[in-house]
Amino acid sequence: MSLTQNYKLNLIQWYPGHIAKAEKQLKEQLKRVDVVLEVRDARIPLATHHPQIDEWVGDKARILVLNRLDMIPPQVRSLWVDWFKHQGQVAYFTNAKQGQGVVAIAKAAQAAGVKLNQRRRDRGMLPRPVRAVVIGFPNVGKSALINRLLGKRVVESAARPGVTRSLRWVRISEHLELLDAPGVIPLKMGNQEAAIKLAICDDIGQASYDHQLVASAFIDLLNQLQETAGNLLPPSPVYTRYQVDPVMYTGESYLQALAEHRYQGDQERTARHLLTDFRKGLLGTIPLELPPK
């Protein structure tokens, strides 16, 4: 049974005004951009791919960044590297908070600019810094990545979707300028399976979903993954933390059982704790997507 069958009555939709405005500005600025850094969440690389990005970017150079490398096991990272290679893409993995993998991103962006400036020289024009834009869903780590590239905190960065509200250019070095854009999301969430994963990972505004339904979906998804790819997950991550084994339950009934066991029957509090523990990495390194076969 698919995740969404249980949750059809509660479609996840979230498209606040500032995102609509930012998307319009972004499309205008893209004309001036040479390189696009597309940042996705390494736990859900497919769900955090914006369906319109290909159309927006066209034939510009693109660098694929999978952030939160620390939140998935190394063998899952290898599977994604191979899968993306088959799609003709190089996947760069980063942990923007700690700075892991960030130097490689700067080098890749500048390398794209070498070709640009060669073309300018051929036409008798002076070279100029490469203009790159950072695009991705809210809260996937775009601002943290820019701060790392800058080596200092210039862009406001916070662990909640929707902190960056407007577009601005930031000078990284004499070779590179970056446009920090607010998170963009599709106007309509056509794929509710993806929307649920965005909610579990906190990559969409909390106003858009019901915590209890999303926490239940998380347990159902985890049970599915344990069954199909248990070797790629930490052993019994939820049982290890709460001493209540989810394998015997549906997500909904597990939430009830855990609430009785730990939180005086308060299911809302239980759901929020469960999601927060996952998001903070307290359940271990858990990928919510694996490369399609």
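Predicted model: local features only at pLDDT ≥ 70, side-chain atom pairs only at ≥ 80, totals over all residues.
**Helix H6 and what surrounds it**

Let's begin with helix H6, which spans residues 192-200 and is mostly covered, with 8 of its 9 residues buried. The buried set is Gln-192, Ala-194, Ala-195, Ile-196, Lys-197, Leu-198, Ala-199 and Ile-200. What do these residues pack against? Their partners are helix H7 (211-229) and helix H10 (267-279).

Lys-197 stands out in that list as a buried residue of H6 with a polar partner: its side chain makes a polar contact with the side chain of Glu-289, at 3.4 Å. Glu-289 belongs to the segment after H10. Is Glu-289 buried or exposed? Its relative accessible area is 8%, and because the cut-off for buried is under 20%, Glu-289 counts as buried. Leaving aside residues up to four places away in sequence, Glu-289 touches Arg-43, Ile-44, Pro-45, Leu-46, Ala-47, Trp-80 and Lys-197.

**Two positive phi values**

After H6 comes Asp-202, with a positive phi near 65°. Asp-202 is in the loop between H6 and H7, and at 10% relative accessibility it counts as buried. Gln-264 is placed in the loop between H9 and H10.

**Aromatic pairs**

How many aromatic pairs does a search of the whole structure find? The search finds 5. Two of them are in the table.

| Ring pair | Centre distance | Plane angle | Geometry |
|---|---|---|---|
| Trp-83 and Phe-84 | 5.0 Å | 80° | edge-to-face |
| Tyr-249 and Tyr-254 | 5.7 Å | 70° | edge-to-face |

Why do Trp-83 and Phe-84 get the edge-to-face label? Their planes sit at 80°, and the label applies because planes over 60 degrees apart count as edge-to-face. Tyr-249 and Tyr-254, with planes at 70°, get that label too.

Phe-84 is buried, with a relative accessible area of 1%. Ring pairs also link Phe-84 with Trp-80 and Trp-83 into a cluster. Trp-80 has turned up already, as one of the residues touched by Glu-289.

In the tyrosine pair, Tyr-254 is buried at 0% relative accessible area, whereas Tyr-249 is partly exposed at 31%.

**A surface patch at Tyr-249**

Where is Tyr-249 found? Tyr-249 is in the loop between helix H8 (237-242) and helix H9 (251-262). Together with Val-247 and Met-248, Tyr-249 forms a nonpolar patch on the surface, and the three have about 340 Å² of accessible area together.

**Asp-54 and Arg-62**

The last stop is Asp-54, found in helix H2 (residues 53-57). Asp-54 is partly exposed, with a relative accessible area of 42%. Which residues does Asp-54 touch, not counting residues up to four places away in sequence? They are His-49 and Arg-62. With Arg-62 there is a polar contact between the two side chains, at 2.8 Å.

Key: Residues numbered from 1 in each chain as written. Heavy atoms only, no water. Patch = residues over 30% accessible without salt bridge, like charges linked within 9 Å, V, L, I, M, F, W, Y side chains within 5 Å. Areas by Shrake-Rupley, 256 points an atom, 1.4 Å probe, with all protein chains shown as cover. Salt bridge = Lys/Arg side-chain N within 4 Å of Asp/Glu carboxyl O. Helix = DSSP H or I, 4+ residues; strand = E, 2+ residues; numbered from the N terminus. Buried < 20%, exposed > 50% of the residue type's maximum accessible area, 1.4 Å probe, protein only. Contact = heavy atoms within 4.5 Å. Polar contact = N/O pair within 3.5 Å; in protein donor to acceptor, adjacent residues only side chain to side chain. Phe/Tyr/Trp six-rings, centres within 6.5 Å; stacked < 30°, edge-to-face > 60°.
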